[in-house]
Amino acid sequence: MGDVSMGLGLRQVEALPAGLLPAAAHELEEVLGGPTLIHLPGRHAPPLFVSVLLHGNETTGWDAVRQVLAKYRDTLLPRALSLFVGNVAAARLAARRLDGQLDYNRIWPGGEGTASAEGRMAESVLQEMQRRGVFASVDVHNNTGTNPHYACVNRLDHRSLRLATLFGRLVIHFTRPTGTQAAAFASFCPAVTLECGKPGHPYGVEHAAQFLDACLHLTELPDHAVPAHDIDLFRSVAQVTVREEIPFSFDSADCELRLLRELDHQNFTEMPVGFVWGHMLEGLGTCPVLARDEAGRDVTREYFEVRGARLLARKRVMPSMLTLDERVIRQDCLCYLMERVEI
């Protein structure tokens, strides 16, 4: 088995390491020692690139890969596969990322974390895959809130959209946040991000595994338009965060901002004007959330208003990735806001 070090403890190997497939996500650090890029041969080339566990608590991708590889344990894969297993240190503790770590899905070329050790590692992975060639790229994730399964694309090219609709008809186009794996790979191959619901749900694993197996069997991705009746396409128009200086909760009435307890049930539902996102302590005097558009501009006043002690929707909007996990909200965001794209 080849073993080449590439910074930040990353290994690059040419076969499955011993004991890998039986290992659950929280055991991978012990088996692999750190982030690892695994190259497996197949009947066709170039390889399908798959990344899993960029967020350590999003385990569906790894479980789906285990299922697919177990199926082909005694035979050659239909297509070569290059598998990047990411933040195994965070996976050991079932955390998105460890305190002091950068987000492994914000460190790729095009983002702000490229000068870091993590960023140099991601650049090494990208360069290696450009050297080998890539048939398509798939990054597998979970949500922490209540969401349907959907695929994301960073470019509206026909081949990426065709790849996305193999997962389902619900597709989101986004350009922020920057530094994502899918955005970096989209510069040279069809690339999608899969959002597979909450981790631990068997259907999420099965859906992702079926998709990956189907990708391994593809001989080409046609470069012509997806029929309009086969896709529900949305564009992310803003990312919403809670301002760093504002304490918030979903339960405590004593916090400066108390968000609606079942707010994540609004995912992929159009909120009407005046929808109440939450309540604030009297006299707060500032909007407690911040919305930035895809160019990074502050568009808070376009989407939110404060009336009395209530935080209200200022226009009709459809959110995605709303979560009730307060740690994830601080590490990432509260949600994204979307609008439909007609094709």
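In this briefing, a cavity is a set of grid points where a 1.4 Å probe fits but cannot get out, and a residue lines it if one of its atoms lies within 4 Å of a point. With that in hand, the second largest cavity of this predicted model is lined by 13 residues, and those nearest its centre are Arg96, Thr144, Met321, Val328 and Asp332.

**Cavities**
- Rolling a probe the size of a water molecule over the atoms shows where empty space is left.
- The count comes to 3 cavities of 30 Å³ or more.
- The largest cavity holds about 250 Å³ of space. Its lining has 22 residues, and Phe174, Pro177, Glu195, Met321 and Tyr336 are the closest to its centre.
- At least two lining residues of the largest cavity come from each of strand E7 (150–153), strand E9 (191–195) and strand E18 (335–341).
- Sorted by class, the largest cavity is lined by 8 nonpolar, 8 polar and 6 charged residues.
- The second largest cavity, the one that opened this briefing, has about 100 Å³ of space. Its lining divides into 5 nonpolar, 5 polar and 3 charged residues.

- The largest pocket has a volume of about 710 Å³. Of its 21 lining residues, Arg106, Pro177, Gln239, Gln331 and Asp332 are the closest to the centre.
- Strand E10 (232–242), strand E14 (289–292) and helix H9 (326–331) each give at least two residues to the lining of the largest pocket.
- That lining consists of 9 charged, 6 polar and 6 nonpolar residues.
- The second largest pocket has a volume of about 180 Å³, and its lining is made up of 9 nonpolar, 1 polar and 2 charged residues.
- Among the residues lining the second largest pocket are Glu14, Leu16, Leu40, Pro41, Tyr72, Arg73 and Thr75.

- Strands of a sheet pair through backbone hydrogen bonds, either parallel or antiparallel.
- Here, an open sheet of 5 strands runs in the order E11-E12-E13-E16-E15, with mixed pairing. Strand E11 (248–249) and strand E15 (304–307) are at the edges with a single partner strand each, so one side of each has no neighbour in the sheet.
- Within this sheet, strand E12 (residues 257–259) pairs with strand E13 (residues 276–280) in the antiparallel sense over 3 bridges. Leu257 has Met280 of E13 as its bridge partner.
- The loop between E12 and E13 contains Phe268, which has a positive phi of about 60 degrees although it is not a glycine.

**A helix pair**
- Helix H2 (residues 60–71) and helix H7 (residues 202–217) have axes that come within 8 Å and cross at roughly 55 degrees.
- The two helices, H2 and H7, are therefore oblique to each other, and their crossing is right-handed.

**Cis peptide bonds**
- Ala45 and Pro46 are joined by a cis peptide bond, with omega about 0 degrees. Pro46 sits in strand E4 (residues 42–52).
- Arg176 and Pro177 are also joined by a cis peptide bond, with omega about 10 degrees. Pro177 belongs to the loop between strand E8 (170–173) and helix H6 (181–185).

Conventions
Residues numbered from 1 in each chain as written. Predicted model: local features only at pLDDT ≥ 70, side-chain atom pairs only at ≥ 80, totals over all residues. Heavy atoms only, no water. 1 Å grid on protein atoms, 1.4 Å probe; cavity = no way out; pocket = protein on both sides within 12 Å on 5 of 7 lines; lining within 4 Å. Points joined across faces, edges and corners; volume = space filled by probe spheres on them. Helix = DSSP H or I, 4+ residues; strand = E, 2+ residues; numbered from the N terminus. Nonpolar A, V, L, I, M, F, W, Y, C, P; charged D, E, K, R; others polar. Pairing = 2+ DSSP bridges. Axes fitted to C-alpha atoms, helices over the stretch in contact; angles between N-to-C directions. Parallel < 35°, antiparallel > 145°, perpendicular 65-115°, else oblique. Left-handed = near helix turned anticlockwise from the far one by under 90°.
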